[in-house]
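I opened this notebook to record what I looked up about helix packing and charged pairs.

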Amino acid sequence: MSGGRYTIEDFNDELGDLELGINTEQECLEFYQQSVEQVGDLRVKKLYQWLANVGEARVATLREIQTATIAANSWGSGITTQTKASDAPAGDPPAFDTNFEGMPGQVEIITIRQAAELEKKVASVYFTAVQRSRDKTVRELWRYLAASEEAYIQLLDSYFVGLRSEEHTSELQSHSFN
């Protein structure tokens with residue numbers, strides 16, 4: 001990053017951060033698409049499908065922003081609004097349903113932990129980009145993306161806590177019958 005004025009180096013650093021963001025978002029997307037097939041708990045399957053839908057739209061939008069930015073050699077003024085609009089069709093995330101019949105398996109708990117780690121990796125990319133960026137429009141985008149990743153981490157945490165609680169309850173019930 002340069003000292004006083006915005007330079008081509010700054011612009012290229014921001015493009016590099018965008019590329020890194022796209023790549024880590026793509027990694028998450030692929031994880032969710034695979035995990036939908038691996039888990040048996042319908043709640044977790046629904047969560048992963050929702051996250052995959054969000055990820056698919058997010059990756060496509062970030063690629064569009066990247067293409068337009070490279071073509072224009074500058075950042076568009078509505079990139080945060082464009083990203084928010086692409087996130088909107090997914091709707092609200094599915095909340096953890098405590099009135100579910102059945103017990104989660106280890107694969108659900110393990111994949112939730114893995115998903116949270118992946119989301120932390122993506123959030124870290126965006127938090128770092130906020131610090132590096134010199135362009136106000138780009139910083140606004142990074143802040144929005146970092147906040148949304150934090151929300152996904154909290155959502156995954158709520159599922160982890162719920163699944164672990166059910167697992168613990170199941171263990172207590174199985175011990176009381178012995």
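I began with a criterion: a salt bridge is a side-chain nitrogen of Lys or Arg within 4 Å of a carboxyl oxygen of Asp or Glu. I noted that the model is predicted, that local features need pLDDT of at least 70 and side-chain atom pairs pLDDT 80 or more, while totals for chains, interfaces and linings use all residues. Residues are numbered from 1 along each chain as its sequence is written, and side-chain values use heavy atoms, with hydrogens and water left out.

**Entry 1: salt bridges**

I found nine salt bridges in the structure. I looked up D17 and R132, whose side chains form one of them at 3.1 Å, N to O. This pair links distant parts of the chain, 115 residues apart, with D17 in helix α1 (residues 8-38) and R132 in helix α4 (residues 106-132). Helices here are DSSP runs (H or I, at least four residues), numbered from the N terminus.

I then checked accessibility, where buried means under 20% relative accessible area, exposed over 50% and partly exposed in between, with a 1.4 Å probe and protein chains only. D17 is buried at 8%, whereas R132 is partly exposed at 34%.

I next recorded the salt bridge between R43 and D41, at 2.7 Å from N to O. Both R43 and D41 are buried.

I looked up R58 and found a salt bridge with E149, the closest N and O atoms being 3.1 Å apart. R58 lies in helix α2 and E149 in helix α5 (residues 136-176), so this pair ties together parts 91 residues apart in sequence. Both R58 and E149 are buried. I also noted that a network of salt bridges links E25, R58, D87 and E149.

**Entry 2: α2 against α3**

How do the axes of α2 and α3 cross, and within what distance do they come? I read that the axes of α2 (residues 42-72) and α3 (residues 79-87) come within 9 Å and cross at roughly 155°. The axes are lines fitted to C-alpha atoms over the stretch in contact, with angles from 0 to 180 degrees between N-to-C directions. The two helices are therefore roughly antiparallel to each other, a term for angles over 145 degrees.

I listed the residues in contact (heavy atoms within 4.5 Å). α2 contributes V54, A57, R58, T61, L62, E64 and I65, and α3 contributes I79, Q82, T83, S86 and D87.

Methods: Angles under 35 degrees count as roughly parallel, over 145 as roughly antiparallel, 65 to 115 as roughly perpendicular and the rest as oblique.
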